[in-house]
2 protein chains.
Amino acid sequence: MESGKKTHDLPTSVQLDLQTGVFEPCAMHVTRKVSDLSMMFYDTESVEKLVKKGDPVVYDIRHQNFITRNSDMALGVTVVQPGKVGDEYHMTKGHFHEREDRPEIYFCVQGEGYLLMETNNGDFKVEFWRPGTITHIPGNYAHRVVNTGDKPLYFFASFNVSAGHLYKPVIENGFSKIVVEREGETVIIANPRRK
Amino acid sequence: MESGKKTHDLPTSVQLDLQTGVFEPCAMHVTRKVSDLSMMFYDTESVEKLVKKGDPVVYDIRHQNFITRNSDMALGVTVVQPGKVGDEYHMTKGHFHEREDRPEIYFCVQGEGYLLMETNNGDFKVEFWRPGTITHIPGNYAHRVVNTGDKPLYFFASFNVSAGHLYKPVIENGFSKIVVEREGETVIIANPRRK
């Protein structure tokens, strides 16, 4: 993700709409559709069908970096739409940080789902998320959010900009587990993309 | 404030009650009563009266530090009760950071009031706060939250533990402005404690 190079030497506020998860003013807004996550969902046939049928939005990220003499922090809010690709629930791409000593704090404000976290060594942890769940993610854990509910899930994030975003290992390997609906139940299973 | 020396190498979650601003589990909980802020409110007679009449709670801080090889971050939630000391609204002590390059992000989840911010050079900024206001505070700005509403105001905070807390200049000098009720209106006036 591109970083904001604007300086913010003065205190700066944004106003978050607590109903929708949209905040303003916002320097950076990225929308990810099913086609942007075609490497992520295991069911490639369903990906193709959905892309042809209008390529629905999976999630929106809004964030704001503060890079000044007196700061290296960023805030963001991500809204994950409800839905599935095949039987796999909507989710964020997920990423590692480039710097393992730069953690992140996520705060689920609305919705219901899971936060998947995993290290390079295969340590895996999942947290069930509901409104008010706040998770500290150590800098060595990749993190992905899955919306298993029937309304938008959104979460607030804060981190140091110097953390960096590393998507490649997740694009290549996915997470070791995925979240799917099977026979009406939400289940966490081994990722079929991994041999 | 004492720092938490526990390590949190694994992802760790807390559950915030969005109605009350209380989260669990919580390693550190501090309650500040009127007597703890006797150096802060300008109306010392009203302070004495209130302390004799039960010493009401002004605010509660809950926070959690994550100090590991892979983290230097902390989260906290502060609940400021509604009320006044004389005509001055309930507020937090306020503090500088020991390190000017360590900012903080505050997220007002509930309630209504003001965030006062000020540098050593006398640069002052105030933000009106309502639910959903998120403010980035550069590391060189002292910060204090004032509850001007009729219900508890609470906010989520995230910062790097290495920021440190510096209370002395605020105890000695206060902020240059204070928030009071005059003739039924909320007004921001020069601090009478400052010469």
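**Exercise 1. The interface**

How many residues of chain B are in contact with how many residues of chain A?

Solution. Keep in mind that this is a predicted model.

- Step 1: Taking contact as C-beta atoms within 7 Å, 40 residues of chain B touch 40 residues of chain A.
- Step 2: Now sort the chain B side by element. Two or more residues each come from strand 1 (12-16), strand 4 (57-68), strand 5 (71-80), strand 8 (104-110), strand 10, strand 11 (133-137) and strand 13 (153-160) of chain B.

**Exercise 2. How the copies are related**

Find the rotation and the shift along its axis that superpose chain B on chain A.

Solution. 

- Step 1: The superposition takes a rotation of 180° with 0.0 Å of shift along the axis, and the RMSD is 0.0 Å.
- Step 2: The two copies are therefore related as by a two-fold rotation axis.
- Step 3: Look along chain B for the C-alpha nearest that axis: it belongs to B:Ser158, at 3.5 Å.
- Step 4: Compare the two sides of the contact. Of the interface residues of chain B, 100% are also interface residues in chain A, so the copies meet through the same surface.

**Exercise 3. Strands across the chains**

Which strand of chain B is joined by bridges to strand 11 (residues 133-137) of chain A?

Solution. 

- Step 1: The partner is strand 1 of chain B, with four bridges between the two strands.
- Step 2: Check the direction: they run antiparallel.
- Step 3: For one pair to click on, A:Thr133 has B:Gln15 as its bridge partner.

**Exercise 4. A sheet in chain B**

Work out the strand order of the three-stranded open sheet in chain B.

Solution. 

- Step 1: The order is 10-9-12, with antiparallel pairing.
- Step 2: Strand 10 (124-129) and strand 12 (142-147) of chain B are the edges, each pairing on one side only.
- Step 3: On average, neighbouring strands here are turned by 20° against each other, direction ignored.
- Step 4: Zoom in on strand 9 (residues 113-118) of chain B, which six bridges join to strand 12 of chain B.

**Exercise 5. The nonpolar core**

Which residues have the most contacts inside the largest nonpolar core?

Solution. 

- Step 1: The core has 98 residues, and A:Phe107, A:Phe155, B:Phe107 and B:Phe155 have the most contacts inside it.
- Step 2: Take B:Phe107 and set aside its neighbours within four places in sequence; B:Phe107 is then in contact with A:Phe156, B:Ile134, B:Phe155 and B:Phe156.

How values were computed:
Residues are numbered from 1 along each chain as its sequence is written. Chains are lettered from A and ligands numbered from 1 in the order in which they are written. This is a predicted model: local features need pLDDT of at least 70, side-chain atom pairs count only at pLDDT 80 or more; totals for chains, interfaces and linings use all residues. Two strands pair if DSSP finds at least two bridges between them. Axes are lines fitted to C-alpha atoms, for helices over the stretch in contact, and angles run from 0 to 180 degrees between N-to-C directions. A nonpolar core is a set of buried Ala, Val, Leu, Ile, Met, Phe, Trp, Tyr and Cys residues joined through C-beta atoms within 7 Å. A residue is buried if 20 or more other C-beta atoms lie within 10 Å of its own, exposed if 12 or fewer, and partly exposed in between; C-beta atoms are placed from the backbone. Two residues are in contact if their C-beta atoms, placed from the backbone, lie within 7 Å. Copies are superposed by least squares on the C-alpha atoms of residues with pLDDT of at least 70 in both.
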